Amino acid sequence: MNQTAGKRIWKGIWIWTEAPQGQGSGTGLVWFRRKFAVPDGDCRLVVHVSADSRYRLFVNGRSVGVGPCKGDAGRQYFETYDVTQLLRPGMNVIAAKVLHYGMGGPMTMSGPSSVWRSPWGAFILDGELASAEGETIELLHTDERWRCKQDHSYALVHDSWMSAGWLGGMEHVNGMTALSGAERATYEDADWEPAVCFLKPMNKYGVLTTFPLTARTIPGLPETPAAFSNILRSSLETDTAGAFPVGAAPGSTGWIELDAGELTTGYVGIAFAGGRGATVRIRYAECYESRTAEGKRKKGLRDDWTTPGQMLCGDADTYLVSGRGTKEQPEQYEPFWFRTFRYVRLEWTAADEPLVIIHVNYRETGYPLQIEADFRCSAPEFRPLWDISVRTLRRCMHETYEDCPYYEQLQYAMDTALQALFTYSISGDDRLARKAIHDYHCSRLPDGMLQSRFPSVEPQVIPGFSLYWIGMLHDHYRFFGDAGFIRMYLPTADGVLEWFRRHMGEEGLVEPADPHYWSFIDWVAEWPNGVPTANDQGPMAVHSLLFAAALNQAAELNEAVGRAATAAEYRALSNRLNEAVRRTCWSEERQLFRDGPDVEAYSQHTQLWSVLSGLMEGEAAKRLMKQTLGDQSLAQASYPMMHFLFRALSAADLYDEVYRLWQPWHEMVNLRLTTWAESPVGNRSDCHAWGALPLHEFPAEVLGVKPGAPGFASIRIEPKPGPLLWAEGTAATAQGPVRVRWEYTKGMFHIEVKGPANIPATLRLPDGTLRSYKCCGNIEEKVRIP
């Protein structure tokens, strides 16, 4: 394979059914095929593939992979597949099912907001069939020898519900006209047209192309066969247990509700026999719910399917059955992109022929996260918090981190900063986090601000979210110590910080943002659209404190790469911001910080960020945080902001208070959620990984494993027992897993640590005793604690 400066020299040409013209090719599904003969003997075939907007690649009827990985205007990712094992002597075929999303604009039925695309559909493949000795047998690069045909059976439609806007519509597929079987070598494509070559992947003289090809940086998403665990209820007269296959008489209607056992993401597949003209709808739901008298959503016990009025609500795909299937060779349907569901409602209306639904199953998909951590303790109610957190994080990891897989599938910076930290705590895999950091870097606007969610075809700015991105850089450096990686992004961080500096007013506080930007802080009942009411009357203290905290983090990063003067500048500016908040927002009467100057509004958020910014330290921080927890009149932090509340309590040496603050998570367990809900305000998403706080708290605080130096070059172990009698588990680190077990019995605290050899460690016992070790390999200590 020829390489230039680490980049491929492509031989294939971008192809489509026609050359680009007018306003673009619109939303459409196109098949591409290339037949080739494989001689007897050993052969090898590696292909490199990309498309605008999405593809699924097949070799001899077998699915190879999906892509391209989500990129943007400057990065058209391609995937590489070794398909040698799928070859066979004789005639073979490479087939690609390519879906181009139109440019209808955000929140339209023209494709997901998170998938970047050009106005034109396109497909490219590089591949050479080679002998075992490396000699070329046949060139398979995309050119006019490829054949293509548009599949007019496919459409994206509005399903009049909730998620279709961000996801770009639900499928409506006419099986009678679908190009079924086009992935197989035996399919006859004589009436297909030669593909139209319209763009070389590289230009001369540095002229960039529409599709700047870049190798995928994260692993592919596996697809694992899975089955529904139960049929809960149906219209069938017989017992629903083992109901498949289901027969439907001509003209009849029916439905079945299936339980996956937990919320998951995957491709639901249905197999049919007969039933020409039947209509089948697959409705995907996170939970059972009801409606209030005013018609508003009401979520209670998420698995309550027995109470009258409980229903499955959600968007649905629709399939019109062709009738060509038999029990031996069934007709099959699955959506092009994965769906999110805990429950699925299958509805059918038979036409003039009897319909048989042979089976319904799914293939689960998601980022292949390898879990290295675990946790158990003397309080059994904490174990579900760990398991649900792991599941929630997994469900929000695909080609990017996602806020929620059901509604938006968008990568938001605040969410992602937390999800990346949780990933570091339980896995040594930082590849998705590295991609996310680069994604936001690529989202930079001319004024220095970053987009709040990216990739996205709909630009959005939440100023504070750019500061969380700087926190993301800081967390990555703490956990992995890769200063070279961080150095690339410091100019972008400088731009963000300069934006905030330019918006400082005469009082030394950050002034309200451009009204076109969304000054979201947290989902709080008292704050319309998540914006503190103080923003209506002037500066918000929390923006200045967030800025001050980010400046301190940036100072550490700059020191790490030798930019001492910049670090000093940032620390000085952070100090000035903190003093401005103290001067303008401190209430002597309440002994709290106001949410803004001369505004009698108070929140947990302003108090906790005064600690994290360094404004309040030592005994002053402890007094403030005790006051914060004791004053229920304050606007309360929601799930993601509680991560920062916990950090402030830890910094103030009040971590024991955290144990009583897990109540909202226990309540979600009692509501029988299998993933964490988005917010205590509202009834939207049942899967938001920014609430997976146990994945950091349990390893880093309860077990106490933290970086003692960047990249865990040394390890600090500082357990926080609280009311627990014992705890044990494993924390993931860049140097390898660290196993901790401690117990507290009869006044004795006993701890055992097994970690990487040759890595120094420091142990801080609950009584404050400090011990240092040259090696973290095997540590055991006992100390009497009254």
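This report describes selected strands, hairpins and nonpolar cores of a predicted model.

Residues are numbered from 1 along each chain as its sequence is written, and side-chain values use heavy atoms, with hydrogens and water left out. Because the model is predicted, local features need pLDDT of at least 70 and side-chain atom pairs count only at pLDDT 80 or more, while totals for chains, interfaces and linings use all residues.

Helices (H or I, at least four residues) and strands (E, at least two) are DSSP runs, numbered from the N terminus. Buried denotes under 20% relative accessible area, exposed over 50%, and partly exposed in between (1.4 Å probe, protein chains only). Six of the six residues of strand E7 (residues 54–59) are buried, so E7 is largely enclosed by the rest of the structure. Arg-54, Arg-56 and Phe-58 point one way from E7, and Tyr-55, Leu-57 and Val-59 point the other way. In a regular strand, side chains alternate between the two faces of the sheet.

Two strands pair if DSSP finds at least two bridges between them.

| Strand pair | Bridges | Residues opposite each other |
| E24 (residues 288–291) and E26 | two | Tyr-288 and Leu-312 |
| E39 (residues 761–764) and E40 (residues 770–773) | four | Arg-764 and Leu-770 |

In the hairpin of E39 and E40, five residues lie between the strands, and Gly-768 in the turn has a positive phi of about 95°.

E25, E24 and E26 form an open sheet of three strands in the order E25-E24-E26, with antiparallel pairing. Strand E25 (297–298) and strand E26 (311–312) stand at the edges with a single partner strand each, so one side of each is left without a neighbour in the sheet.

**Nonpolar cores**

A nonpolar core is a set of buried Ala, Val, Leu, Ile, Met, Phe, Trp, Tyr and Cys residues joined through side-chain atoms within 4.5 Å. The largest has 195 residues, and Trp-469 and Trp-609 have the most contacts inside it. Helix H8 (residues 541–560) supplies the largest share of this core, 12 residues. With contact defined as heavy atoms within 4.5 Å, Trp-469 touches Ile-437, Tyr-440, His-441, Leu-450, Tyr-489, Thr-492 and Ala-493, not counting residues up to four places away in sequence. A second, separate core of 35 residues includes Trp-14, Trp-16, Leu-87 and Leu-213.
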